Amino acid sequence: MDLQYVRGHFSERFNGEVGSVYASPGRVNLIGEHTDYNGGFVFPGAIDKGMVAEIKINGTDKVRAYSIDLNDYAEFGLNEEDAPEASWARYIFGVCREIIKRGGKIEGFDTAFAGDVPLGAGMSSSAALESTYAYALNEMFNCGIDKFELAKIGQATEHNYCGVNCGIMDQFASVFGKAGSLIRLDCRSLEYKYYPFNPTGYKVVLLDSVVKHELASSAYNKRRHSCETVVAAIKKNHPEVEFLRDCTMEMLQAVKNDVTEEDYMRAEYVIEEIQRVLDVCDALEKGDYETVGEKMYGTHHGMSKLYEVSCEELDFLNDCAKKNGVTGSRVMGGGFGGCTINLVKEELYDSFIADAKESFTAKFGRAPKVYDVVISDGSRKLA
C-alpha cells in the first residue's frame with residue numbers, strides 16, 4: 001500500500017495537514033484450522049498486504065475519519081453513546097473505547113486510511129485495521145500498552161463493537177508479524193514462538209474461489225458443539241481433560257460408542273490437525289518444505305472429509321493443485337468458501353495458475369482470484 005497515496009488523500013481531506021503514518025498487515029495461516037477453540041495451536045504469518053492510516057491529533061474531543069477505499073466520512077465522539085453507524089468506523093471507535101477502558105487517554109484526531117488486503121478473502125482486513133489504530137494510538141497518546149494487550153484490544157473491538165466472537169489469532173499475527181517467520185501460537189497458554197519461513201525456490205499463493213456459502217456461522221457453532229460433546233465424554237474417563245488438545249486418538253477411540261459418528265469424525269480431525277501443526281514446526285526447522293506441503297494436503301483432506309467444511313469449489317482447486325505437482329495446498333480459514341493457500345515451486349507456478357484459472361472457469365463460469373503473498377513484518381510506524 002502506497003504511503004504517498006494515503007498522504008495525498010489525508011492532505012486533501014484535512015486542509016493540507018500532515019500527520020503520522022502507521023501500517024499493519026493482514027495474515028495467512030499456514031496450518032492449524034479449527035484448532036483455536038480446542039486449545040490447540042495455530043501457525044499464522046503476517047503478509048505484504050495490509051492497512052495504512054495517517055493520523056493527526058486535532059485538539060478536540062471528536063474523531064474525524066475518512067475511509068479512502070469506500071470514499072466515506074464519519075465523525076464521532078469518544079463516549080460509549082457516540083458509536084458511529086458505519087461499520088468501518090465502528091472498528092476505529094471500538095479500538096478507542098477499548099484503550100480508554102484500559103486507562104489510556106485518547107483525544108480527538110483526524111485520520112484517513114486505505115488498504116490492499118482483499119476483502120472477504122480470509123486475510124483478515126478487519127484485524128489489520130484494528131491493529132493499525134491500536135498500535136498508532138497507543139504510541140501517539142503514550143498509553144504504555146504492551147503488544148499482546150494491543151492484539152486483545154483488536155479482539156475486544158470485534159466482540160464488543162462489531163458482533164464477531166473471534167479468537168485472538170488474526171490480531172496477534174498482525175501485531176507480532178515478522179518478515180521471514182511464521183508464529184506458532186498456543187491458543188491455551190498464549191505462548192508463542194517464531195519459526196523460520198524462507199521457502200527459497202517456492203511461492204506462496206492464495207486462490208480465491210470467490211464463493212461464500214451461507215452455512216458458515218451455524219455450521220461453525222455446530223462443529224464447536226461436537227468438539228465439546230466429545231471432550232465431555234472423554235472427561236468421564238480422564239477428568240484432567242479440558243480441550244481436545246489434551247486428548248489422544250486412543251482416548252477418542254475409547255469413547256467411540258458413546259458419541260455420534262459425526263462428533264467422532266469432528267474430533268478425529270482436530271486431534272490430527274493439532275499434531276500436524278507440530279509436525280510442520282519440526283519440518284520448518286529442518287527446511288523440509290516437502291513435508292510441510294504433505295501436511296497441508298492432510299489438513300485439506302481432513303477439513304473436507306472429516307470436518308466437512310470445504311465445498312465443491314475448494315476441493316476442485318485442491319485437486320487442481322495436486323494434478324499440477326503443487327507441493328502443498330489446503331482450504332484456508334473456517335471453510336465454506338474463501339481461499340486455498342498453496343506452496344508451489346517457482347518453476348511450476350505459471351503452469352499451475354494458468355490451469356487453475358482455465359479449468360475453474362470452465363467448470364464454475366468465473367475465474368478464481370490470485371493473490372501472491374510474502375511473509376512480512378507486523379504493525380509499525382511508516383512516517
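N142 is exposed, with a relative accessible area of 69%. I start there because exposed, for us, means over 50% relative accessible area. Before going on, please keep in mind that this is a predicted model.

So where does N142 sit? It is in the loop between α3, residues 125–140, and α4, residues 147–161. N142 is not a glycine, yet its phi is positive, at about 50°.

Is N71 buried or exposed? Its relative accessibility is 56%, so N71 counts as exposed.

Now the whole chain. The secondary structure comes to eleven helices and 13 strands. The C-alpha trace spans about 65 × 50 × 40 Å along its principal axes. For 383 residues, a compact globule would have a radius of gyration near 21 Å; this chain has 22 Å, so the two agree. Of the 383 residues, 57% count as buried. The accessible surface is about 15800 Å², and carbon and sulfur atoms hold 47% of that. If we take contacts with a separation of 6 or more, 70% of them join residues 24 or more positions apart.

Next, an annotation. An unreviewed UniProt entry places the feature "domain: GHMP kinase N-terminal" at residues 91–178. In the model, that span is 57% helix and 8% strand, and its end C-alpha atoms lie 24 Å apart.

The last item is strand β7, residues 181–186. Why do we call β7 largely enclosed by the rest of the structure? Because five of its six residues are buried, and buried means under 20% relative accessible area.

Which strands pair with β7? One is β2, residues 41–42, which is antiparallel to β7 and joined to it by two bridges. Here V42 has L185 of β7 as its bridge partner. Another is β8, residues 192–196, also antiparallel to β7 and joined by five bridges. On that side, I183 stands opposite Y194 in β8. When you look at these strands on the screen, recall that in a regular strand the side chains alternate between the two faces of the sheet.

β7 and β8 form a hairpin with five residues between the strands. In that hairpin, L190 takes a positive phi near 65°.

Conventions: Residues numbered from 1 in each chain as written. Predicted model: local features only at pLDDT ≥ 70, side-chain atom pairs only at ≥ 80, totals over all residues. Heavy atoms only, no water. UniProt positions renumbered as here; feature names shortened; annotations may be inferred. Helix = DSSP H or I, 4+ residues; strand = E, 2+ residues; numbered from the N terminus. Buried < 20%, exposed > 50% of the residue type's maximum accessible area, 1.4 Å probe, protein only. Pairing = 2+ DSSP bridges. Rg over C-alpha atoms; globule rule 2.2 N^0.38 Å. Contact = heavy atoms within 4.5 Å. Areas by Shrake-Rupley, 256 points an atom, 1.4 Å probe, with all protein chains shown as cover.
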